[in-house]
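Me: Please take a close look at one part of this structure for me. Then link it to the rest, in short steps.

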Amino acid sequence: MAYSEKIKQFGIQGFVPEGWYWLKRSDEIKKGKAYPAKLMDLEVVLYRGDDDQVRAFDAYCPHMGAHLCDGFVEGNSIRCPFHYWKYDQLGICTEIPAQKEISNMPSLKSHKIREAYGLVWIWTGHEDDSEPVPVIPELVGLPLDYTLGSNFVKNCHPNVVMINAIDVQHFRSVHQLIVDLEMKVTPLSDRCIQFSNITPMPESNIFLRFAKKFYKKALTYEMTYWWGHTGSVMVGPDFLHFYIIFALKPNLNGQTEGQTILVTKKRKGLMGLLVNPILLFATKLVGNYFAKGDTIIFSRINFKFQTPIRADKAIIDFVEHYEKQNVAPKFSKSEVKNSHEKTVTV
Ligand code: FES
Ligand SMILES: [Fe+2]
């Protein structure tokens with residue numbers, strides 16, 4: 001049996017695991033206005049109320065189906081644009097202008113939302129789960145500065161885009177990296193897996209021997225994945241690490257919509273004011289390199305992992321981790337298709 005035939009979830013269009021997914025940039029959601037947003041076939045209305053909280057409800061009014069993004073935000077409530085029914089911050093119907101009786105009217109279904117790193121994220125798992133939005137392991141608990149980098153669309157599944165960061169063969173072939181990276185795998189939880197390079201900086205020329213002074217142990221390169229669709233990269237010499245989060249989500253066209261987030265430690269005083277913008281700009285250049293790399297390959301790839309070899313070990317570990325992810329309840333009835341022809345219902 002070809003390896004690809006054992007794969008039931010990885011790279012499969014329509015299999016959406018539990019997790020946090022980025023939806024919109026926070027600065028796009030202005031107070032007092034309603035906006036449409038989509039994750040696969042889940043359509044929601046987003047708005048920021050008087051209390052500054054962003055809320056998300058199913059997009060269509062349970063009366064007759066008007067899209068609530070055309071409605072009106074009133075305090076922390078939203079009013080449908082069609083017959084002016086009003087729903088409060090929990091989605092409960094509180095007013096129907098044409099009648100007094102409002103008990104037993106259907107509520108709007110709400111979705112768990114969080115704002116982090118300048119993005120609005122939606123939770124697709126069970127409502128009572130409370131996992132954090134992805135963090136950078138080395139920076140947990142520290143105050144952060146961050147900025148958003150490029151957003152991009154790739155013509156393949158988010159898992160396939162994510163492979164790029166641990167595909168050690170292609171570092172040499174596509175990116176002409178002169179070091180053969182070897183990724184050590186560390187599962188951090190059921191949902192989170194980390195790959196860290198353990199190859200030291202080579203000493204084959206004078207430049208590399210000089211650079212090695214700043215990479216005492218290994219050539220620092222660490223990738224941490226959450227749910228297989230969002231990941232953070234840590235690179236750089238021992239005295240200065242750069243951190244980039246790649247937040248990815250699938251769309252109904254079989255593509256990936258991605259957003260890079262550039263992160264650094266908050267630094268106090270003048271140091272923070274002067275150094276952090278420069279660091280974040282430098283991080284952006286690194287992020288753009290990753291985000292824009294391999295564009296032609298990703299525009300035409302028909303992902304089917306049929307012939308793994310030893311050099312693909314990190315990818316195999318990632319696939320096996322992803323195969324254990326739970327389908328998001330919101331998408332558990334989705335029709336699942338791989339990039340070829342199979343169709344199954346989960
Ligand atoms: S469709 Fe929303 S109030 Fe009628
Ligand atoms: Fe690449």
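Reply: Start with helix 7. Its buried residues pack against helix 1 (3-6), helix 2 (158-163), strand 13, strand 14 (192-197) and strand 15 (221-226). Helices here are DSSP runs of H or I with at least four residues, strands are runs of E with at least two, and both are numbered from the N terminus. Contact means heavy atoms within 4.5 Å.

Some ground rules come next. This is a predicted model, in which local features need pLDDT of at least 70, side-chain atom pairs count only at pLDDT 80 or more, and totals for chains, interfaces and linings use all residues. Residues are numbered from 1 along each chain as its sequence is written, chains are lettered from A and ligands numbered from 1 in the order in which they are written, and side-chain values use heavy atoms, leaving out hydrogens and water.

Back to the helix. Helix 7 is mostly covered, with 8 of its 11 residues buried. Buried means under 20% relative accessible area, exposed means over 50%, and partly exposed is in between, with a 1.4 Å probe and protein chains only. The buried residues of helix 7 are A314, I315, I316, D317, F318, V319, H321 and Y322.

Now widen the view to the core. The largest nonpolar core has 46 residues, and I166, Y225 and F318 have the most contacts inside it. Helix 7 (residues 313-323) gives the most to this core, with 6 residues. A nonpolar core is a set of buried Ala, Val, Leu, Ile, Met, Phe, Trp, Tyr and Cys residues joined through side-chain atoms within 4.5 Å.

Leave aside its neighbours within four places in sequence: Y225 is then in contact with M162, I163, A165, I166, R191, C192, I193, F195, T230, G231 and F318. There is also a second, separate core of 20 residues, which includes W22, W121, I245 and V263.

H229 comes a few steps along the chain. This residue sits in the loop between strand 15 and strand 16 (230-235). H229 is buried, at 3% relative accessibility. Its contacts beyond four places in sequence are P17, E18, G19, W20, Y21, P158, M162, F246, A247 and L248.

Next, the metal. The iron ion (ligand 2) has N164 (OD1), H170 (NE2), H175 (NE2) and D294 (OD) as its protein donors, at 2.0 to 2.4 Å. Donors are N, O and S atoms within 2.8 Å of the metal (3.2 Å for Na, K and Ca); water is not among the atoms, so sites may look incomplete. The angles among the 4 donor atoms run from 66 to 158°, and the site is irregular. Four donors count as tetrahedral if all angles lie between 85 and 135 degrees; four count as square planar and six as octahedral if opposite donors are over 155 degrees apart and all others between 65 and 115; anything else is irregular.

Along the chain, the donors follow the spacing N-x5-H-x4-H-x118-D. H175 lies in the loop between helix 3 (168-173) and strand 13 (183-187), and D294 in the loop between helix 5 (269-292) and helix 6 (295-300), so the pair ties together parts that are 119 residues apart in sequence. D294 is buried, at 10% relative accessibility.

Q176 is in the loop between helix 3 and strand 13. Q176 is exposed, with a relative accessible area of 58%. Its phi is positive, about 55°, although Q176 is not a glycine. In general, most residues other than glycine have a negative phi.

C80 is buried at 2% relative accessible area, and C156 is buried at 5%. The whole structure has 0 disulfides, a disulfide being a pair of cysteine sulfur atoms within 2.5 Å.

Last, zoom out. The chain is divided into domain 1 (31-123) and domain 2 (137-328), with bounds from an automatic or database domain assignment. Their centres, taken over C-alpha atoms, are 36 Å apart. Still, 9 residues of domain 1 are in contact with 15 residues of domain 2.
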